[in-house]
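Please read the following points alongside the sequence and the coordinates.

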Amino acid sequence: MQEAGTIPMQQRTQTASQAHAPSYYAASANPSPMREVLKEDITADVCIVGAGYTGLSSALHLLEAGFNVVVLEAAKVGWGASGRNGGQIVNSFSRDIDVIEKTVGKQKVALFGEMAFEGGKIIRERVNKYGIECDLKDGGIFAALNKKQMQELEHQKALWEKYGNDHLELLDAKDIQNAVATERYVGGLLDMSGGHIHH
Ligand SMILES: Cc1cc2nc3c(=O)[nH]c(=O)nc-3n(C[C@H](O)[C@H](O)[C@H](O)COP(=O)(O)OP(=O)(O)OC[C@H]3O[C@@H](n4cnc5c(N)ncnc54)[C@H](O)[C@@H]3O)c2cc1C
């Protein structure tokens, strides 16, 4: 029987085939320890299979709601997509919000606008609450290679301000050069409500 609030993991000895491909992220990640092998029968309210963002976030939500949760992982925490790269916190969807507005209408689009910021808020709350070492850095830049792209970013800024993002700042060529140490861009859009994590 497992205590409520603990998250036992199925352990496997890490073999070469389980190692992440060599990359900046693999080389600079915080250690993710192997966990105990599940050897006995246990009971839980909910059993989650897979310790990526989806599984762990669901487990935390359920634990906070008072459920006894078990997470089973075949390899190690963050073994899948969640552990392969740095995570960009980008407050948007795969379609621009004005495109979504055309599809769902003016009333429902407000809900989408709010939802775009929810993920970033949950990440920050969780990082603070549980002291997660994931090198959280605030701020993300959309960089423009030419005047046309810069105009598009100005349009995006006006659009997202309509949906409550007051953390946006347009950067000119000098500002962006200071931020990313290259002369490649004519400007950009800094979003301080975005950010980056790397565990
Ligand atoms: C290169 C890349 C870049 C990305 N960049 C971003 C980004 O910048 N921002 C962003 O928001 N998203 C990004 N994503 C998407 C994001 O990483 C994924 O959507 C997210 O990690 C998926 O999490 P997951 O928990 O669903 O899956 P995974 O992280 O893949 O976790 C699944 C886990 O389940 C385990 N498992 C599978 N089968 C079993 C089983 N039978 N028994 C036990 N365990 C099992 C696996 O070992 C694994 O650990 C990126 C993805 C990739 C690949």
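Contact, as used below, means heavy atoms within 4.5 Å.

1. This is a predicted model, and the protein averages a pLDDT of 88, with 91% of the residues scoring at least 70. Among the elements, helix α1 (residues 24–28) has the lowest mean pLDDT, 88, whereas strand β1 (residues 46–49) has the highest, 98.

2. In helix α3, which spans residues 97–104, the buried residues are Ile 97, Ile 100 and Glu 101. They cover an arc of only 105° around the axis, and therefore lie on the same side of α3. What covers these buried residues includes α4 (106–130) and α5 (147–162).

3. On the face of α3 turned away from its buried side, one finds the exposed residues Lys 102 and Thr 103. Just after α3 comes Gly 105, which takes a positive phi of about 95°.

4. His 198 lies in the segment that follows β6 (187–197), and it counts as buried because its relative accessibility is 7%, the cut-off being under 20%. Leaving aside residues up to four places away in sequence, His 198 touches Tyr 25, Ser 28, Ala 29, Asn 30, Cys 134 and Asp 135. With one of these, Ser 28, the side chain of His 198 makes a polar contact, side chain to side chain, at 2.9 Å.

Notes
Residues numbered from 1 in each chain as written. Predicted model: local features only at pLDDT ≥ 70, side-chain atom pairs only at ≥ 80, totals over all residues. Heavy atoms only, no water. Buried < 20%, exposed > 50% of the residue type's maximum accessible area, 1.4 Å probe, protein only. Helix = DSSP H or I, 4+ residues; strand = E, 2+ residues; numbered from the N terminus. Arc of directions from axis to C-beta. Polar contact = N/O pair within 3.5 Å; in protein donor to acceptor, adjacent residues only side chain to side chain. pLDDT = per-residue confidence, 0-100.
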